[in-house]
Amino acid sequence: MVRRLCDLYESWETSNEVKLIILKGAGRAFCAGGDLRLFYKHGKQDEGLCPEVVYRKFWLDVHLHTYKKPMVALLHGLVMGGGAGLMIPCRFKIATEETEKAT
């Protein structure tokens with residue numbers, strides 16, 4: 001998912017057809033963060049996957065803070081971890097009554 005997001009954001013930034021990015025989660029949450037079970041499982045089996053995912057996610061977070069097009073986050077349900085990293089650089093954040101944050 002992180003690789004796909006990196007590719008999409010790069011293509012949208014250079015496209016003359018894309019004027020605005022709207023982020024909306026599918027399902028019960030905007031984004032509850034990374035799959036910690038997946039990191040644990042792959043961390044034991046494949047030493048290359050976890051560092052690559054973390055590097056790409058941090059690269060994406062930095063890139064979004066300098067993004068040239070306006071972004072809007074439509075928040076609902078949980079907004080934690082990686083989801084917060086995607087939401088924070090958005091110029092506009094719209095929350096619903098179901099939006100929750102980690103306390």
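By class, which residues make up the lining of the second largest pocket? The lining has 12 nonpolar, one polar and one charged residues, where Ala, Val, Leu, Ile, Met, Phe, Trp, Tyr, Cys and Pro count as nonpolar, Asp, Glu, Lys and Arg as charged, and the others, Gly among them, as polar. The model is predicted, with local features requiring pLDDT of at least 70 and side-chain atom pairs pLDDT 80 or more, while totals for chains, interfaces and linings use all residues. Residues are numbered from 1 along each chain as its sequence is written, and side-chain values use heavy atoms, without hydrogens and water.

The second largest pocket holds about 240 Å³ of space. Here a pocket is an open set of points on a 1 Å grid over the protein atoms alone where a 1.4 Å probe fits, with protein on both sides within 12 Å along at least five of seven lines; lining residues have an atom within 4 Å of a point. The volume is the space filled by probe spheres set on the points, which are joined across faces, edges and corners. Among the 14 lining residues, L23, K24, G25, F30 and L86 are the closest to the centre. Two or more lining residues come from each of α1 (2-14) and β1 (21-24) (DSSP runs numbered from the N terminus: helices H or I, at least four residues; strands E, at least two). The largest share, four residues, belongs to β1.

Strand β1 also belongs to an open, parallel sheet of three strands in the order β1-β2-β4, pairing being defined by at least two DSSP bridges between two strands. Both β1 and β4 (92-95) are edge strands, each pairing on one side only. Strand β2 (residues 71-75) runs parallel to β4 and is joined to β4 by four bridges, with A73 opposite K93 in β4.
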